[in-house]
Amino acid sequence: MPAGLRQVVPGIPGTPLPHGILGASCTNVIDVTEEQIHQLNGVEWLAVGCCPARDWPDPCEEPQPGDPTEKEFCRPSTEHAAPITIYAGAECSAPGFSYEEAREQALASLALGEQHAIEAGFMRTKLSVDAVDITPAEGPLNIAQGVAALEGCLAENYGGVGTLHVPAGIAALLGCCNVLREDPATGELTTLAGNCAVIGAGYSYLNIGPGGIPAEPGAAWLYITGPLVIRRGPTDVIPDRSRASASVNIRNNDRRVLAERTVVVGTTCTICAVQVVACP
C-alpha cells in the first residue's frame, strides 16, 4: 500500500524494565523538592555501618591464642556522590514536525530510557572507579561462583542488605542455578543471602570493570554495593515553550528539542567487582 494511504495512529508506548535501577526494591528514589535542589550539585555524608562490630572474649574464661587484648575503634569515613546528567533529544525536519511533537518525543524517550542512562552513568563514574576487583588470577568465574564471591566480599565489609548489579544481557543465566528468586507478590528479586538485584541494560551497554577495563569476549562484569539512594531532579525541556521558535535551526530547517534531568546516585561502603563467563 502506498505510504500516503496509511492511517496515522499514536505511537506504541513502552514500559521500563521492572528490575532496572529505578525499580529495584533496594533503591530509594527521591524526587528532590525545590528546597532540596542544591543536592543535585552532589552530596556527601558520614558512612553508616561500614565499621565492623567485633566479638570480645569472656573475661571469666581462660585466654585463648589469638584473643584480642585491646578493643578497636573505627573512625567513620566521608562518602560522596556526584551528579549525572541524563538526556534524550528529538530531531526532525521542521515542516510537518511541530514543537509540541518534538517535545513529546523527547520526553517519551527520556521516560523510557532513563534507567539505561543512569545505569551506564553509575557504572562509568562510580562502579568502575571505586570497585575492588576480586576476579581470580585464573580468569572469569561461572555466574554462580561470581555471585557467591561478590556476596562474600560485601558481607566481610558491610552487615546490611546489598545490591547486586547485573547486565541485562546475562540476566537469564541467573535462573539456571537459582541464583535469584522472585517474590510472586512483590516482584522483588533476591539472592539466597538476601541481597537484592538490579538488572540493567545500561550495564550491558558498557560492560566495563574496574579501571574501565572491558570484559573479555564472552564474559561480563558483575558488581555488588550497599543499598542505593537516587536523588532525581525535575525534567527540563530545552528550549521551553516560551522559546519554541529557538528549536529550529534556520541553516537546515531542522527542529531539535532536548529533555534532560540530573540525578545523584549514592551507595555506601565497599564496592566489589568480578568478571564472569556469560554462559551456563
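**View 1. R54 and E72 pair up in a salt bridge, with 3.4 Å from N to O.** A salt bridge here means a side-chain nitrogen of Lys or Arg within 4 Å of a carboxyl oxygen of Asp or Glu. Both partners sit in the loop between β2 (43-46) and β3 (78-81), so this pair ties together parts that are 18 residues apart in sequence. Strands (E, at least two residues) and helices (H or I, at least four) are DSSP runs, numbered from the N terminus. R54 is exposed, and E72 is too; that means over 50% relative accessible area, while buried is under 20% and partly exposed is in between (1.4 Å probe, protein chains only).

Keep in mind that this is a predicted model, where local features need pLDDT of at least 70, side-chain atom pairs count only at pLDDT 80 or more, and totals for chains, interfaces and linings use all residues. Residues are numbered from 1 along each chain as its sequence is written, and side-chain values use heavy atoms, leaving out hydrogens and water.

**View 2. R232 meets D31 in a salt bridge, the closest N and O atoms being 2.8 Å apart.** R232 belongs to strand β11 (residues 228-232) and D31 to strand β1 (residues 27-31), so the pair links parts that are 201 residues apart in sequence. R232 is buried, at 15% relative accessible area, whereas D31 is partly exposed, at 45%.

**View 3. R232 also forms a salt bridge with E114 (3.2 Å, N to O).** E114 lies in helix α1 (residues 99-130) and R232 in strand β11, so parts that are 118 residues apart in sequence get tied together. Shared partners join D31, E114, R232 and R261 into one salt-bridge network. Both R232 and E114 are buried.
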